[in-house]
Amino acid sequence: MKKINVVMMATVSLFASLVVRQASASTCPRVWFMADWSCTIDGRPSEMVWRCVDDSRRHCYPDGTCSVTSGVKLAGWFRETNGNWVNLVLRTEAANDLQFTYTGDATPWYLRYEPRSLSATGWTTWQGRRYPLTCVRSVPAPAPAP
């Protein structure tokens, strides 16, 4: 008989073509970039989404017992108009600055948030060159179900 300890439940959220297991609201940090964004990348329309997601892990031992640890992580996705969603990986966030990696080509991206206009400007990187990235917060991220 296998023994399993479960610490946290996750909910499922569907937006556009992206499915995300969201984490409990009480475990998620409140950060300015956690939202849906309408962006332009070098003048082309695009979208960016950041969520707090379930990062629970399950480990089973040779004796048949298993354990589940609960956790959350900040995760992002980006796509150009009607393209595929590509993962974004948070590198650093401090005050109004956000540095992250676009995993499509493993390049560094940067945004600086302007709270008064709910917008952020910065740059992307492609083939070693920087290109402008501008985003406007479209809606706050939905709160996960209890």
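# Exercises on disulfides, cores and strands

C39 and C135 form a disulfide, with 2.2 Å between their sulfur atoms; the term stands for a pair of cysteine sulfur atoms within 2.5 Å. The model is predicted, so that local features need pLDDT of at least 70 and side-chain atom pairs count only at pLDDT 80 or more, whereas totals for chains, interfaces and linings use all residues. Residues are numbered from 1 along each chain as its sequence is written, and side-chain values use heavy atoms, with hydrogens and water left out.

**Exercise 1. Determine the handedness of the disulfide of C39 and C135, and state which parts of the chain are linked.**

Step 1. The torsion about the S-S bond of C39 and C135 is about 110 degrees, so this disulfide is right-handed.

Step 2. Distant parts of the chain are linked by the pair, since C39 belongs to strand β4 (residues 35-41) and C135 to strand β13 (residues 129-140), 96 residues apart. Strands here are DSSP runs of E with at least two residues, and helices are runs of H or I with at least four, numbered from the N terminus.

Step 3. C39 and C135 are buried, where buried means under 20% relative accessible area, exposed over 50%, and partly exposed in between, with a 1.4 Å probe and protein chains only.

**Exercise 2. How many disulfides does a search of the whole structure find, and are C60 and C66 buried or exposed?**

Step 1. The search of the whole structure gives two disulfides, and one of them is formed by C60 and C66, whose sulfur atoms are 2.0 Å apart.

Step 2. With 105 degrees about the S-S bond, the link of C60 and C66 is right-handed.

Step 3. C60 has a relative accessible area of 36% and is therefore partly exposed, whereas C66, at 3% relative accessibility, counts as buried.

**Exercise 3. Which residues have the most contacts inside the largest nonpolar core, and which element gives the largest share of this core?**

Step 1. A nonpolar core is a set of buried Ala, Val, Leu, Ile, Met, Phe, Trp, Tyr and Cys residues joined through side-chain atoms within 4.5 Å. The largest such core has 25 residues, and W37, M48, W50, F78, F100 and L133 have the most contacts inside it.

Step 2. Two or more residues of this core come from each of β4, β5 (44-54), β8 (72-80), β9 (86-94), β10 (97-102), β11 (107-114) and β13. The largest share, four residues, is given by β4.

Step 3. Taking contact to mean heavy atoms within 4.5 Å, and leaving aside residues up to four places away in sequence, M48 touches residues including W37, C39, F78, F100 and C135. Apart from this core lies another, of five residues, among them V49, V53, W77 and W85.

**Exercise 4. How many bridges join β9 to β10, and how many residues lie between the strands in the hairpin of β9 and β10?**

Step 1. Two strands pair if DSSP finds at least two bridges between them; β9 and β10 run antiparallel and are joined by six bridges, with A94 having D97 in β10 as its bridge partner.

Step 2. The hairpin of β9 and β10 has two residues between the strands, and A95 in this hairpin takes a positive phi near 50 degrees.

Step 3. β8 and β9 also run antiparallel, joined by three bridges, and F78 stands opposite V86 in β9. The hairpin of β8 and β9 has five residues between the strands, and N82 in the turn has a positive phi of about 55 degrees.

**Exercise 5. Classify the ring pair of W50 and F100 by the angle between the ring planes.**

Step 1. Rings of Phe, Tyr and Trp (its six-membered ring) pair if their centres lie within 6.5 Å, and planes under 30 degrees apart count as stacked, over 60 as edge-to-face and the rest as tilted. The count by this rule comes to 11 aromatic pairs.

Step 2. The ring centres of W50 and F100 are 5.5 Å apart and the planes are at 80 degrees, so the pair is edge-to-face. W50 in strand β5 and F100 in strand β10 are 50 residues apart, and the pair thus links distant parts of the chain.

Step 3. W50 is buried, with a relative accessible area of 0%, and F100 is buried, with a relative accessible area of 0%.
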